Amino acid sequence: SGIVKIIPVDYSDLSMMNNEIKKMRKGDILVAKTTAPELIVACEKASAIVTDMGGLLSHAAIVSREFGIPCIVGTINATHILQDGDEVEVDATEGIVRIIKKNPHFTKNEKK
């Protein structure tokens, strides 16, 4: 379990991606549309990874196995349902992300 940090994947703005990665704390839950080598620093900080896209051989799945952290890929809509600051539990055995506590200080208007 941990706090959600959504990293927007936008290869046209690597500076923005790097700034979001810098905001991530060790132990946060990395939530992204997908992962790639450009997000490896975020993956290293994460206590779990959740992605909208991917499968058993996706970057997120392979990296999480190497780091020994839970990973759920192919959720389709995690980046739309979860918000920065939500507290969640990632159950990779069952393939479930449980929202423990929503971030009360976050509004959808803040999302980029």
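**Figure 1. Contacts of Thr35 in the predicted model.** Leaving out residues up to four places away in sequence, Thr35 touches Leu30, Cys43, Ile49, Thr51, His59 and Ala60 (contact: heavy atoms within 4.5 Å). This is a predicted model, in which local features need pLDDT of at least 70 and side-chain atom pairs count only at pLDDT 80 or more, while totals for chains, interfaces and linings use all residues. Residues are numbered from 1 along each chain as its sequence is written, and side-chain values use heavy atoms, with hydrogens and water left out. Thr35 sits in the loop between β2 (29-32) and α2 (40-45); helices (H or I, at least four residues) and strands (E, at least two) are DSSP runs numbered from the N terminus. Thr35 counts as buried because its relative accessibility is 6% (buried: under 20% relative accessible area; exposed: over 50%; partly exposed: in between; 1.4 Å probe, protein chains only).

**Figure 2. Polar contacts of the Thr35 side chain.** The side chains of Thr35 and His59 are joined by a polar contact of 2.7 Å. A polar atom of the Thr35 side chain also lies 3.1 Å from the backbone nitrogen of Ala60. A polar contact is a pair of N or O atoms within 3.5 Å; within protein, one must be able to donate a hydrogen and the other to accept it, and residues adjacent in sequence count only if both atoms are side-chain atoms. Between Thr35 and Cys71 the C-alpha to C-alpha distance is 11 Å, at a sequence separation of 36 residues.

**Figure 3. The largest nonpolar core.** This core has 16 residues, of which Leu30, Leu39, Ala46 and Ile49 touch the most other members. Two or more residues each come from α1 (14-23), β2, α2 and α3 (59-67), and α1 gives the largest share, three residues. A second, separate core of eleven residues includes Val4, Ile29, Ala78 and Val88. A nonpolar core is a set of buried Ala, Val, Leu, Ile, Met, Phe, Trp, Tyr and Cys residues joined through side-chain atoms within 4.5 Å. Ala46 is in contact with Met24, Asp28, Leu30 and Ile69, neighbours within four places in sequence being left aside.

Figure 4. Strand β1 (residues 2-6) runs parallel to β2, and three bridges join them. Val4 has Ile29 in β2 as its bridge partner.

**Figure 5. The hairpin of β5 and β6.** Strands β5 (residues 87-91) and β6 (residues 96-101) run antiparallel and are joined by five bridges. Asp91 stands opposite Ile96 in β6. Four residues lie between the strands of this hairpin, and Gly95 takes a positive phi near 75°.

**Figure 6. The protein chain as context for the close-ups.** The chain has four helices and six strands, in the sequence pattern β-α-β-α-β-α-β-α-β-β. Its C-alpha trace spans about 35 × 30 × 25 Å along the principal axes. The radius of gyration is 13 Å, which agrees with the value near 13 Å for a compact globule of 112 residues (taken over C-alpha atoms; the globule rule is 2.2 Å times the number of residues to the power 0.38). Of the 112 residues, 39% count as buried.

Technical notes. Pairing = 2+ DSSP bridges.
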